[in-house]
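Please work through each task before reading its solution.

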Amino acid sequence: MSTTDEARATWLTQEAFDRLKAELEELKANRPVIAAEINARREEGDLKENGGYHAAKEEQGKQEGRIRQLEDLLRSARVGEAPTTATVVVPGTVITVHFDDDPDDAETFLLGSREISSTTDLTVYSPESALGAAILDHKPGDKVSYEAPNGRTINVTIANLEPFAG
């Protein structure tokens, strides 16, 4: 698998994958409960003024959205251990960057799915985030620029890479 393929896949630990799969199965199993709630509320009468019906439909929409999100995430997931060596930035590596406008300001984070954040004390950045996308496939010493969500251009230097130890 090339680093470009790895960058497109969502890296997950086995623990995170199992947790997300269990959540997906629970949400799917709950579909009949939500459908029954909607039917029960529908039978109460006028749908225009039926807050219970609208709340149940909204909950169904949220659940279906999360089901689609989890299915997509699990379909593209690369499950397993983090890379054992870290020579370029790929999901599953711990990266330290220095912000060029303040060289004393450094940040260390894990590049991976935000779904992993509950299993580590590290801050987790997604490879799709502005910083994550900018540093993919770069090496220590590389200077990288990216546009922050506020429109500001931020320059960083990749200081260190190491495999995620979990």
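**Exercise 1: A charged pair**

E71 forms a salt bridge with K28, with 3.0 Å between the closest N and O atoms; a salt bridge is a side-chain nitrogen of Lys or Arg within 4 Å of a carboxyl oxygen of Asp or Glu. The model is a predicted one, in which local features need pLDDT of at least 70, side-chain atom pairs count only at pLDDT 80 or more, and totals for chains, interfaces and linings use all residues. Residues are numbered from 1 along each chain as its sequence is written, and side-chain values use heavy atoms, with hydrogens and water left out.

Task: state where E71 and K28 lie and how many residues apart they are.

Solution. Step 1: E71 belongs to helix α4 and K28 to helix α2 (residues 14–29); helices are DSSP runs of H or I with at least four residues, strands are runs of E with at least two, and both are numbered from the N terminus. Step 2: the pair is 43 residues apart and links distant parts of the chain. Step 3: E71 has a relative accessibility of 25% and counts as partly exposed, where buried means under 20% relative accessible area, exposed over 50% and partly exposed in between (1.4 Å probe, protein chains only). K28 is likewise partly exposed, at 35%.

**Exercise 2: A second pair**

Task: identify the residue with which E64 forms a salt bridge.

Solution. Step 1: the partner is R31, and the closest N and O atoms are 2.9 Å apart. Step 2: E64 lies in helix α4 and R31 in helix α3, 33 residues apart. Step 3: E64 is partly exposed at 21% relative accessibility, and R31 is partly exposed at 34%.

**Exercise 3: Packing of two helices**

Task: determine how α3 and α4 are oriented relative to each other.

Solution. Step 1: helix α3 (residues 31–42) and α4 pack at an angle of about 160°, their axes being 8 Å apart; axes are lines fitted to C-alpha atoms, for helices over the stretch in contact, and angles run from 0 to 180 degrees between N-to-C directions. Step 2: the two helices are therefore roughly antiparallel, a term for angles over 145 degrees. Step 3: residues of α3 including R31 and I34 meet residues of α4 including Q63 and E64, contact meaning heavy atoms within 4.5 Å.

Key: Angles under 35 degrees count as roughly parallel, over 145 as roughly antiparallel, 65 to 115 as roughly perpendicular and the rest as oblique.
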